[in-house]
Amino acid sequence: MATSTAVVSALVLWRIDIGGSDPVAPPEAEGAAQPEDEEVEGTQWSNLQGSRTFLEGDHPVNTLAFDSDGGLLAIGDDGAGQEGGNAYIKDVETGDDIITFDEHDGSVWSVAFSPDETVLATGDDAGTIRLWDIDSGEVIDELQGDVYNGSFLEFSPDGTTLAANHRLGYAQLWDIDSGDEISFEEYDDFVSAVAFGLDSTILAIVEGDGSVQLWNADSGDRVTTLEEHEGEMHFMTFGPDDKTLVTSSDDYTVQLWNADSGDLITTLEEAGENQAMVAFAPDGATVAGSGEDFGVRLWDTDSGDHITTLEEHGDTVWSAEFSPDGTTLATAAEDGRVLLWDLY
C-alpha cells in the first residue's frame, strides 16, 4: 500500500557555481567585477559553498532517480528497523513528500521512472521487482527477479521493456505490456549492470569478469565486447551522444569507451576505491563517480582531468545522478543522506 509519509534519511542542498569559458556571475554580484576563476582544463569551477540540511533521518539510502524535468526525485532506502525498505517520491523544490511505496520485503536497491512517468519500478534485495502506478500508488505488477545489493533497473527509452541485472549470470528483460519475461544470453559470471542505448536497440550488459557486452536487443546478436578493466566491473552508462560509455570497476579505474568501435578512449585519473556508480552530465562534458571512499569525484570528459572531489558523505556513496537540465547532482549514501549539489 502506498502512503504519503516518507521515511527518507536526510536531504542536504549544496551550491556549486560552474561556468564554461564565460562564467556567469551570481545574482547578487551581477554587473560587479569578478575575481578570476582558477582554471581546470576544459571547465572552470569556483565558489564551492556550504550545505544546508533539508531532512534528517537514519535509514541508509541506496538509490535515486530524477523524473524527466528534474522536479521529482525517487529514492530507495534500507528501511532499517523495519520489515522492508521503502521507495518514495519527493518534490525537489519544496521537499514535500509526494508518495511512499512501502510494500517491499527487503532493502530497495533500484528505482526507475518509466519514460511516460506513469510508472515507478522498484527492486528490493528479497528478489521482487514491482511496477507501481504513480498516481494511485497501487502495484500494477510484480516481477520475480534476483535484485541484490548494487542492482539496477532500466526502462528502454521507448518504454516497452524493463531490464535488470541478475546475480546468477544473466540479464532479465520483461515486456511491460504483458509482463512476460524475455529470454536473453546467459553468462558464466554474475551480471552487475544493464543499460539501454537511446534508440532502445542496443543493450549493454556488464559481466562480473570485467567486460561489457553490447547486444542488439531486437535480434539478440552480440555487437561487440569491451575488455580493459582488470577487476570486477560495477556499473556503466551511455553518454548523451549515445556513442560513449563510461564504466567503473574495483580496479580503481573509471574508463570512457567508444560504443561503436569498442575502443577505449581514456582512463580517468584519480579514481577512488571501488567506484560504485558513474553518471554523465546531460551535456556530456562531466562524469561523476561515487564509491566506498565516501567521496564523489568529477572529471572533465574532454581532457580526462579530475576536476574536484565532493567530500561530505560519511560512508559509501551508492548513487549519483545529474538532473535532466544539468543544474543539480544528487548523491545517496550509506550514511543515510541524500545530497543535492546545485551546479548553476
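These are my notebook entries on a few places that I looked up in this predicted model.

**Ground rules.** I number residues from 1 along each chain as its sequence is written, and I keep to side-chain values that use heavy atoms, with hydrogens and water left out. Because the model is predicted, local features need pLDDT of at least 70 and side-chain atom pairs count only at pLDDT 80 or more, while totals for chains, interfaces and linings use all residues.

I began with D124, which lies in strand β12 (residues 119–124); strands here are DSSP runs of E of at least two residues, numbered from the N terminus. Is D124 buried or exposed? I found it buried, at 0% relative accessibility, where buried means under 20% relative accessible area, exposed over 50% and partly exposed in between, with a 1.4 Å probe and protein chains only. The side chain of D124 reaches the backbone nitrogen of D105 at 3.4 Å, and it makes a polar contact with the side chain of R130 at 2.9 Å. A polar contact is a pair of N or O atoms within 3.5 Å; within protein, one must be able to donate a hydrogen and the other to accept it, and residues adjacent in sequence count only if both atoms are side-chain atoms.

I noted six salt bridges in the structure, each a side-chain nitrogen of Lys or Arg within 4 Å of a carboxyl oxygen of Asp or Glu. R130 forms one with D105, the closest N and O atoms being 3.2 Å apart; this pair links R130 in strand β13 (residues 128–133) to D105 in the loop between β10 and β11, 25 residues apart. R130 is buried at 4% relative accessible area, whereas D105 is partly exposed at 48%. I also saw that D105, D124, R130 and E142 are linked in a network of salt bridges.

Which residues touch the most other members of the largest nonpolar core? Of its 24 residues, they are V212, M236 and L245; such a core is a set of buried Ala, Val, Leu, Ile, Met, Phe, Trp, Tyr and Cys residues joined through side-chain atoms within 4.5 Å. Among the strands that each supply at least two residues of this core are β21 (211–216), β23 (233–238) and β24 (244–249). I then recorded a second, separate core of 15 residues, which includes L298, L310, V317 and A320.

Conventions: Helices (H or I, at least four residues) and strands (E, at least two) are DSSP runs, numbered from the N terminus.
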